[in-house]
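Let's take a friendly walk through one protein model, one region at a time. Have the sequence and the 3D view ready, and look up each place as we come to it.

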Amino acid sequence: MKWWWKLRTEPQHLWAEVISSLHHLSTKPIDVYSKKSLSGVWNNIAGIRKALDKKGIPVTSILSKPISPHGASWRCELSPDGTYTVRALRQRLDYRPHNNVEKFCWLKVFPLKVNCFIWRAAMGRIPVAVELSKRGVSVETKNCLMCNEGEESTDHVLVDCPYARRVFEGVFGWCGMSMEPFHSVKELVDSASRWGRCQKKRELLLAIYYGTIWCIWKSRNERVFKKILHPKLKVIDFIKSMTYLWVKNTGEIIRMDWATWSQCPLL
Ligand SMILES: [Zn+2]
């Protein structure tokens, strides 16, 4: 995988130019790394795709080329700063659910960055004050700026913080469910994986949970970096519209109009 990353991010190097030319990569989709009919060392390296597929990790969930206002550039979705490290891939390969816990579910309907964020959050590996401090990064305060009541750990800011709880209360009410006493991202995600008997509705609930966690994190960032604290109703409205657009766009798990969705998404 290291060589795939180098091929994409250092295309000016002679070896990368030779590989690209031999395998006609400039004319191939961005998730293709080799021409199968050729043999040799590079095709052995390219064989990692099969190994990753067997582990249920598609290469597109690791390397992507998102388009931003500054153009398209390659990034590794396994690390917060978008650069590839062997450690990040090792963590992804080693990720195993705890006892009696369902497997982490990658939702195709959601952008890769959201799935990766939730996956990292479920392991407690997102750049919150407590985690940064543990890694020797100097932080102004370890306090949660959403409530000023607790330390900013992953589970606190995304689930246990009074602000997050108020948002979740609204989301549970919208879904017609009573609020359950979750204290961690993992508990929340795992409970959705086991919820109900209908696979499609379960995926919808999971999508709503992922969307809620993602929006709480965006609100946290607005608070930390722009000093803006969004009211919970605004965040809940955003969760409703964002999850609707994402699940609707794929057309895979929902055939519901906006009016019905905004009233009760799990009907
Ligand atoms: Zn808090």
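Lys227 is exposed, with a relative accessible area of 64%. Here, buried means under 20% relative accessible area, exposed means over 50%, and partly exposed is in between, using a 1.4 Å probe and protein chains only. You will find Lys227 in the loop between helix H11 (199–226) and helix H12 (232–250). Helices (H or I, at least four residues) and strands (E, at least two) are DSSP runs, numbered from the N terminus. Although Lys227 is not a glycine, it has a positive phi of about 60°.

A word on what you are looking at: this is a predicted model, in which local features need pLDDT of at least 70 and side-chain atom pairs count only at pLDDT 80 or more, while totals for chains, interfaces and linings use all residues. Residues are numbered from 1 along each chain as its sequence is written, and side-chain values use heavy atoms, with hydrogens and water left out.

## The zinc site

Which residues coordinate the zinc ion? They are Cys144 (SG), Cys147 (SG), His156 (NE2) and Cys161 (SG), at 2.1 to 2.4 Å. Donors are N, O and S atoms within 2.8 Å of the metal (3.2 Å for Na, K and Ca); water is not among the atoms, so sites may look incomplete. The angles between the four donor atoms run from 103 to 113°, so the arrangement is tetrahedral. Four donors count as tetrahedral if all angles lie between 85 and 135 degrees. Along the sequence, the donor residues follow the spacing C-x2-C-x8-H-x4-C.

Cys144 sits in the loop between helix H7 (129–134) and helix H8 (154–160), and Cys161 in the loop between H8 and helix H9 (162–174), so this pair ties together parts that are 17 residues apart in sequence. Both Cys144 and Cys161 are buried. Asn148 also lies in the loop between H7 and H8, but this residue counts as exposed, at 53% relative accessibility. Its phi is near 55°, a positive value in a residue other than glycine.

Leaving aside neighbours within four places in sequence, Val130 is in contact with Lys142, Glu151, Glu152 and Ser153. Contact means heavy atoms within 4.5 Å. From Val130 to His13 is 117 residues in sequence and 40 Å in space, C-alpha to C-alpha.

Why can we call helix H6 (residues 112–122) largely enclosed by the rest of the structure? Because nine of its 11 residues are buried. Among them are Phe117, Ile118 and Trp119. Just after H6, Gly124 takes a positive phi of about 75°.

The axes of H6 and H11 come within 10 Å and cross at roughly 85°. That makes H6 roughly perpendicular to H11. Lys113, Val114, Asn115, Phe117 and Ile118 of H6 make the contact with Tyr210, Ile213, Trp214 and Trp217 of H11. Axes are lines fitted to C-alpha atoms, for helices over the stretch in contact, and angles run from 0 to 180 degrees between N-to-C directions. Angles of 65 to 115 degrees count as roughly perpendicular.

Helix H11 also holds Ser219, which counts as buried at 5% relative accessibility. Not counting residues up to four places away in sequence, Ser219 touches Met146, Tyr163, Ile228, His230 and Val235.

## Where H1 meets H2

Helix H1 (residues 2–9) and helix H2 (residues 14–22) have axes that come within 9 Å and cross at roughly 95°. H1 is therefore roughly perpendicular to H2. Trp3, Lys6 and Leu7 in H1 meet Trp15, Ala16, Ile19 and Ser20 in H2.

Look next at Trp15 in helix H2. Trp15 is partly exposed, with a relative accessible area of 27%. Not counting residues up to four places away in sequence, Trp15 touches Trp3, Lys6, Leu7 and Trp42.

## A serine in helix H13

Our last stop is Ser262, in helix H13 (residues 258–263). Ser262 is buried, with a relative accessible area of 16%. Setting aside neighbours within four places in sequence, Ser262 is in contact with Trp174 and Lys240. The side chain of Ser262 also reaches the backbone oxygen of Ala259 at 3.1 Å.

Technical notes: A polar contact is a pair of N or O atoms within 3.5 Å; within protein, one must be able to donate a hydrogen and the other to accept it, and residues adjacent in sequence count only if both atoms are side-chain atoms. Four donors count as tetrahedral if all angles lie between 85 and 135 degrees; four count as square planar and six as octahedral if opposite donors are over 155 degrees apart and all others between 65 and 115; anything else is irregular. Angles under 35 degrees count as roughly parallel, over 145 as roughly antiparallel, 65 to 115 as roughly perpendicular and the rest as oblique.
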